[in-house]
Amino acid sequence: MKMSGLFHRKAFLIDLESDDKRGALRELVEAARTAYGLSRLPVGDVVDAIVAREKLGSTGLGGGVAIPHVKCSAVKSVVGAFGRSARGVDFGAVDGEPVYLLFLILASPARPEEEFMEARRCVALAVRRPNFCKFARSAKTGKEIEELFDEVDEVKAP
Amino acid sequence: MGEGMKTREGIAASLGFAIGPAVVVGREEYPIRNRRIEPSAVAAEESRFGRACEAAEKEISSLCEEVEQRVGKDAVSIFQGHFAHLRDPYMRKEIIVGIRRYKRSAEYAVSCYFRRKFRKIETQSPALFSARVLEDVADIERRLLKHLAGGLENGAIRLKAKSVIVAHNLSPVQTIDLDREKVLGIVTEAGGPTSHTALIARAYGIPAVVGLGAISTDVTSGDMLVVNGSQGIVVIHPDEETLKRYRAQARNFYLIERRLTDELRDLRAETKDGLRVEILANIELPEEIPSALDYGVEGIGLFRTEFLYLREGHEPTEEEQLRQYRKAVELLGRRKLVVRTVDLGMDKLPQDGWLPERNPFLGTRAIRLSLQRPDMFRTQLRAILRASAGGDVRLMFPMISSLEEFREARKLYDEVCEALRREKEVFDEKIPVGMMVEVPAAALIVDLFAPEVEFFSIGTNDLIQYAVAVDRVNERIAPLYQPTHPAILRMVRDVLAAAQRTGRPTAVCGEMSSDPLFTLLLLGLGLREFSVVPPAAPEIKKLIRSVTLDDAKAIAERALQMTDAKAIAHFLQERTREILPGAS
Amino acid sequence: MPTVERQVTLLNNLGLHVRPAARLAAIAMQFRSDVRIGRDGEAGANAKSGLDLLTLSALYGTVLTVRATGEDAEAAVEAVVREVQAKFGEE
C-alpha cells in the first residue's frame, strides 16, 4: 500500500483552521467526503465515533502525530485524509504535547480487516521515518508534502 | 474496537505478568522552527550549533557512565560509537556550510544533512538495507536537534495512568526515564533479549516482550493487553477466561514464584513415592543458561540453534557456531545439553536460486532443508561435534518424518565424525543421536525408529498443529489448537509407551510440557523427562513432588476416557488445584 | 600523486555499523591522502567521515574497494584493509 494511493491530493489540508480536536477531525472528515465523492458519508456521526474512540485511548502517538481511524460504511475500501495544524491541536497525546500532523483513516467495515491494518501500518511506518514529520511540519507548500509522501513510497520498508 | 482476542508471540525479555491498557508511543522528534535565518545572524547560529555539539558530547559521556553503572559494560558500546560520530568533522563542516552559505537555521541545516544521509541508506536495494544503521544514524541526528532545542528531553512518555507501553522501539533514554510507578509492562516490535530495552526492563523488574514484529500498529491506545514476559506472549483484548488465568499467574509470580524458586532449586524432582523425574530447559541462546540453572533445571533438553541463522546477512561459519556451542557447553559443565539442528524453512532462510515455496510450513524446512543443503548441515554438525569435548552433548534432528530420512541424516553425521577423526580433532565419539517426534507420521511408528534412534523428544507444538490441521497463528481457528484433544493424549501415550518398551529415553519439549495444567497428565501418561521454559520449572517440580505416581496415572486414565478437549482441560485444572491449591 | 586501490571483504557479523564505521574513520584520519571506500564500482564514501561510511550500509559479505590518493596512499590503504580484516576488533 502506498501513501500516495491512500491519501488523495485533494484530501490534503495543509493548514487546518480548528484548534480543537473535534473541529480538526470535522475538517478532515469533510475533506475526505469531498475528495473521494462520498456524498452519503454522515460527517457528524463519523466525527462522533472517532471522538468516542479517542476517549478510550488517544491515537496521538507523541511527537506531534496522531493517526485517528474508524470504520465507516459510506466508504468502499480504505481512504485517508491528511491535515496539518500550525498551532497544534490538543489530542490527549501520550507525551502531553499538541498534535501538528493528523492522518485520518476511514475504512469500510465490509472489507477484510487486513486492509485496514495495512493502511494503519503504512502510515505508522511513514511517520516513523527519521525525516518525515519534521519536514512535513516545516514544509511551505502542499507540493513539498506530496514529495515527502512520494519519498516514503520509493523506499522499500525493511 | 470490539475485536476478538489475539495472541502474539515475541521474545521474553523480562519476567513477570502485566495486565493493563496500552499506550502506543511513536518516535520522539524535534521540530524545525525556522528554516532560514538573516545573514546577520549567521555567526550566532554557528556558535549555537557549536555549543549544541559540545552539549551532546557531554551528554553521551555521562550517559555512558550511568548506563555502565546501572546496566553493565555491554550496553555502553552502543553509546561509544555515537560519541565518535557526533565528532565527525565532515558532518560539522557540511552543516556550517549550510548555515553560512545557504543561510539555514542550524536545525534545518542538520535536518537537510541527515535527510541526504537517510536517503542514501534507504535507497540501497532491500537486501542491503540495514534498518539498524538507519536507527542509529537517526539517534545521532536526534541528539543534535535535542541540544539545539535547549537540551530538554522531548518525547518523554508522560503516563496519566498505569499502562502498558507499546512501541516500535524505545530509545535507551526513554527506557531509563520511564516512570516506574506507572509502567505496568513494555511491548516492542524490535529488539532482542539483550537489547537495552530488555536489559533495563529486567533491571527495573518490569515485564517485557520484545521482537514481536508488527504490533504497535495493530494495537490502539486504550486496548486491554496482557503481557506475559516470562514466556514472550502478548494477548490483545483478552477474554474473561484469559484474564482470570493471567491474574492468577501474576499473583503467583510475585508472591509465590520467587519464594518457590529459591525453595525448590536444589530439591529433587521426584514424586512422593520416590519416582525420579528429570526437569530440563528449553533455550534459544547460551546466555539463558545461568538463569535456567537458577530456576533449578538439571540441564538443557532443547537448545534451539535458529538464532545463529537468523542474524543479519549470512549463514554462520563453523567457527562462529563453534564459539556459541562451546559457550553453552562451558556454562553447563557435565550437565546434559541436547542440541537440535537448525529448524527453519525457506520463509526465514531463503536459498539462492531456489524458487519460493507456496507453503513453506509443509515444505523444505528443518531436516529437509539440511539434507538438501549438505554443506550447511555438515558445517553445523562439525561445529557441534567439535564443541562436545568435555561436556554431555546430545544431538537431535527436527521434523523427521521417516526412517529413511533419519538414516540419511545419520549417515551424514557419521561421515562428519569420520572426517573429524582423520583431522585428529578432539570430540565426544559417543554422542547420542536422537530425533524430534513432531510429525504425526513419525509418532505412529516410533517402534520402527527405536532400534536406530537413541532418544526422542516430543515437540507438541508442531505435533498438535499437524495432527489437528490448525495454524495456531491464524486467529480465526486458533482455538482449535488444543493440547487436550483426545487424539493428542493418545499420541503422547503411545509414543511414550513405544519408547519405554524399547528403552529409549523420551522427553516432551513443547509448550505442553511447560504448562503446569498438563504436568500430572503427562506424568501419568508415562513422561519422565520434562523440558520446559525455565520459569516454569519450580512449579512443575512442586507439582511432581506433591503426587504419587498412582495419583498421576489415575488422572491420566480418566482423561483418556473423556471425549471433549475443553472438559479434559477443566478436569485437569480441578485435579491440579486439589493437589496444589494456588497452582494455575 | 599515487593512487592505490585494494579490495577487501567485510566479514563482520553486523556489517559496517556504528562502531566499525567510527573506527575506520579514526584510522583513515591519520593519513594525509584522500581515502574513499565504496562498492560495486560506485564513487564511494569519504573514509574520514564515519557518517558517510555508514551510508554504505554495508553488510556481511560486501566487497569493499578502498582507494587512496596521496603521498601516504599505500600506508592508508594498508591500515584500512587490515582493520576490516581484523573485524574491527569486535569478534
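The model is predicted, so I note the terms: local features need pLDDT of at least 70, side-chain atom pairs count only at pLDDT 80 or more, and totals for chains, interfaces and linings use all residues. Side-chain values use heavy atoms, without hydrogens and water.

**Interface of chains B and C**

I counted 2 salt bridges across this interface. On the chain B side, α2 (73-86), α3 (89-100), α4 (106-122), α5 (131-148) and α11 (318-332) each supply at least two residues that touch chain C; helices are DSSP runs of H or I, at least four residues, numbered from the N terminus. The largest share, 6 residues, comes from α2(B).

I then listed the contacts (heavy atoms within 4.5 Å): 31 residues of chain B meet 23 residues of chain C. The two chains bury about 2300 Å² between them, 61% of it on carbon and sulfur atoms. Buried area is the accessible area (1.4 Å probe) lost by two parts on being put together, summed over both.

I read the element order from the N terminus as β-α-β-β-α-β-α, with strands being DSSP runs of E, at least two residues. Of its 91 residues, 58% count as buried, that is, under 20% relative accessible area (1.4 Å probe, protein chains only). Among contacts in chain C between residues at least 6 apart in sequence, I found that 71% join residues at least 24 apart.

Conventions. Residues are numbered from 1 along each chain as its sequence is written. Chains are lettered from A and ligands numbered from 1 in the order in which they are written. Buried means under 20% relative accessible area, exposed over 50%, partly exposed in between (1.4 Å probe, protein chains only). A salt bridge is a side-chain nitrogen of Lys or Arg within 4 Å of a carboxyl oxygen of Asp or Glu.
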